[in-house]
Amino acid sequence: MTDTSDARTPVGRRTVLVATGATAAALAVGAVPRPEAPTAEAADTAPVAAAAICTLTKEMTEGPYYLDGQYVRADITEGKAGIPLKLTLTVVDDDTCVPLGNALVELWHADALGEYSGFVGNNGHTEPDSGTFLRGGVLTNASGVASITTVYPGWYRGRCVHIHVKVHTNVTLTADGSFTGGQELHTGQLFFDETITTAVARVAPYSTNRVTRTTLAQDSIYDDGGAASGLLTLTALGSSTSSGYAGTLTLGVER
């Protein structure tokens with residue numbers, strides 16, 4: 001079973017991805033939670049800021065590998081081998097660009113061999129399957145920032161390298177470290193620069209994945225929209241590919 005069923009679907013909800021790179025960093029550092037009673041000045045300037053910064057984009061398909069009830073945790077690696085990836089995702093309201101605190105950002109993706117937890121073997125490899133590796137989420141802080149540690153994803157038949165993402169609000173944390181309830185505001189995917197992915201593919205254990213890799217340009221889901229379509233801004237964490245990368249993006253969602 002592959003994720004080739006990820007055909008583009010009509011937009012059910014408006015979603016935006018905004019202000020990557022330096023702009024995202026500025027948003028994350030300088031933003032404050034939405035005030036309960038905004039001043040007249042804030043009310044006048046917020047729509048202008050939104051118009052200047054926010055860019056509408058389509059949501060992406062959930063795909064066949066989603067599993068409910070994953071852990072709320074900042075590190076989702078579970079010891080999986082791979083190049084370190086430290087993600088900083090900022091969630092903002094698309095109408096005002098004000099950050100959303102206490103929103104759950106949930107991720108799931110394939111390991112270096114292209115296998116999803118809960119579905120190991122679908123990409124032709126045999127390995128232990130916890131049903132939870134490379135899955136989980138974290139609540140955003142008051143500045144709307146969710147920081148998650150994982151590994152650079154691998155690839156599987158028919159899809160380029162990507163990470164699935166959902167944004168939920170009003171979830172209830174459970175005693176077993178998971179979450180329940182709430183409202184799902186966004187379902188999307190995060191994508192990676194092809195030059196960096198090519199370098200990653202040369203490094204073990206990625207280099208042992210013999211499945212033909214679909215490039216970003218060949219992918220049936222990514223629409224070449226850059227950050228507006230989920231393309232991460234990647235920054236090297238060291239002098240070599242093996243040192244890993246930091247990835248940033250700002251997700252704007254409609255509440």
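Helices (H or I, at least four residues) and strands (E, at least two) are DSSP runs, numbered from the N terminus, and two strands pair if DSSP finds at least two bridges between them. The model is predicted: local features need pLDDT of at least 70, side-chain atom pairs count only at pLDDT 80 or more, and totals for chains, interfaces and linings use all residues. Residues are numbered from 1 along each chain as its sequence is written, and side-chain values use heavy atoms, with hydrogens and water left out.

Start with the open sheet: 4 strands, ordered 5-4-7-10, with antiparallel pairing. Select its edges, strand 5 (135-139) and strand 10 (183-191); each has a single partner strand, so one side of each lacks a neighbour in the sheet.

Next, select strand 4 (residues 104-108), which is joined to strand 5 by 5 antiparallel bridges. L104 has L139 of strand 5 as its bridge partner.

In the largest nonpolar core, a set of 37 residues, L107 and Y152 touch the most other members. Such a core consists of buried (under 20% relative accessible area, 1.4 Å probe, protein chains only) Ala, Val, Leu, Ile, Met, Phe, Trp, Tyr and Cys residues joined through side-chain atoms within 4.5 Å. Elements that each supply at least two residues of this core include strand 3 (84-93), strand 12 (245-253) and helix 3 (194-200). Beyond four places in sequence, the contacts (heavy atoms within 4.5 Å) of L107 include I76, L134, I148 and L190.

Finish at T233, in strand 11 (residues 233-236). F192 is 41 residues from T233 in sequence and 8.1 Å away in space, C-alpha to C-alpha.

Terms used. Buried means under 20% relative accessible area, exposed over 50%, partly exposed in between (1.4 Å probe, protein chains only).
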